[in-house]
Amino acid sequence: MGALDAPRFQAVLHALVSISTPLESSPGPILRARTLRVERVIRETPDTVTLVLEDPSGAPVTFVPGQFFTVLVTVDGVPLRRAYSASCAPEAEGPSRVSLTVKRVAGGRVSNFLNDRASPGMTLEVRGPSGSFTAAPGNGAVRHLVLVAGGSGITPLMSMARTALATEPTTSVSLVYGNRREQDIIFREALETLARAHEDRFRLRLVLSEPPSGWKGGVGLLNRYVLEDEFSVLPGLEAGPATWFICGPEPMLVEARAALHSWGVKPERIREELFTRPHLRQSSAPTAELLAPQPVEIRLRGREPRRFVAPAGMTVLEAALSAGLSLQYSCTLGGCGSCRLRLVEGEVRMEEPNCLLPQERPLRHVLACISRPLSPVVLEDLY
Ligand SMILES: Cc1cc2nc3c(=O)[nH]c(=O)nc-3n(C[C@H](O)[C@H](O)[C@H](O)COP(=O)(O)OP(=O)(O)OC[C@H]3O[C@@H](n4cnc5c(N)ncnc54)[C@H](O)[C@@H]3O)c2cc1C
């Protein structure tokens, strides 16, 4: 048997959410869904909308620039959950508000639903914030953030740029932002306003693969050669090590990695966020080991160990939920860490990038929602 198809997986998750959410250990804010109301809908481009969401109780909506929220919606009777990154700076819209910006994906259920149907007064169930793709505040340090975005990948980087420029007078920001056509550029006016307001420390490079005649920005797909050209005109790179944040579709991430490698950037200075859900990534193509069912044992504190077989290609989380085991989880994208376990024995393949920190990897932390067993495995909780 292969992995659960997406609708069946969503149905399993939703059927079990009531079992898995009330936890023996105290849940963090990540695990609880809250209801936010759509206050404003801003049409950014013909296929992108920003939703300004507010907690009607006035409770604060806190997040770090770069983090995402998981939106739970039911479309045509099917419960679905999708990640959307905060695009505003924290508190920019008010302490109990956050803006999420959603670009249509061809045939996509949630992105089209939100673009077509979201309107002021509508309520959305939201979890989060989640994710470790964050630019920690500079604390007065002189630093350079280089942001590389493709399409909707601009959203977390917009939050970082807005925050750093507003709150860190010694931080400079460079943004290379690629799109197909001029009308696809999300936040164009806001970006150009920021560039004018912070000429000395915000460098904006808009790149189009199908530019109109007379276009003055960069030209081409954001492949390694175009990116190397773009990096070569960024000022300040020689002054000290920059921190690089890359967000966009998988092919762009692969190209950006190659460009940064040939540019001599150390991997620890590069942070990545991939907008493609783990099971849709090119890198998640099955290998021979994934084509075999694998025995799994999970040891949760205070409970009898549970043993079950993970069908070929299933994640540990999917298999555990199917076996009736209640595990903690939230985003199901490897972005929040709620389903973290320790690998005691065996081997798993975990989708990358994810929110694990480099120091957690030698401790054999794994994320159940994006880990598939490559051999018999034993896992235990960390709580
Ligand atoms: C951490 C994270 C943060 C994200 N933040 C944002 C954000 O701020 N703004 C935003 O617009 N999106 C964001 N996304 C993507 C978003 O979560 C959804 O995947 C996207 O909106 C598509 O969902 P859908 O239900 O419309 O498409 P689905 O119904 O799931 O998919 C329909 C079809 O589109 C393809 N597809 C699905 N997702 C993508 C994709 N991302 N790119 C290209 N093709 C795709 C599928 O292969 C399928 O054929 C983020 C994703 C992640 C993992």
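I looked up Leu147 and, leaving aside neighbours within four places in sequence, found it in contact (C-beta atoms, placed from the backbone, within 7 Å) with Leu157, Met160, Ala161, Val173, Ser174, Leu175 and Phe245. The model is predicted: local features need pLDDT of at least 70, side-chain atom pairs count only at pLDDT 80 or more, and totals for chains, interfaces and linings use all residues. Residues are numbered from 1 along each chain as its sequence is written.

Next I looked up the nonpolar cores (sets of buried Ala, Val, Leu, Ile, Met, Phe, Trp, Tyr and Cys residues joined through C-beta atoms within 7 Å; buried is 20 or more other C-beta atoms within 10 Å of the residue's own, placed from the backbone). The largest has 41 residues, and Leu147 is listed with Leu145, Val148, Leu157, Ala161 and Phe245 as having the most contacts inside it. Among the elements that each supply at least two residues are β7 (143-150), α3 (154-167), β8 (171-179) and β11 (243-248); helices (H or I, at least four residues) and strands (E, at least two) are DSSP runs, numbered from the N terminus. α3 gives the largest share, seven residues. Apart from this core I noted another, of 25 residues, including Leu114, Cys331, Leu333 and Cys336.

Then I turned to a sheet. It is open, with five strands in the order β14-β13-β19-β15-β17 and mixed pairing (two strands pair if DSSP finds at least two bridges between them). β14 (306-310) and β17 (365-367) are at the edges with a single partner strand each, so one side of each has no neighbour in the sheet. I checked β13 (residues 294-299) against β14: the two pair in the antiparallel sense over five bridges. Pro295 has Val309 in β14 as its bridge partner.

Definitions and conventions
Buried ≥ 20, exposed ≤ 12 C-beta atoms within 10 Å, placed from the backbone. Contact = placed C-beta atoms within 7 Å.
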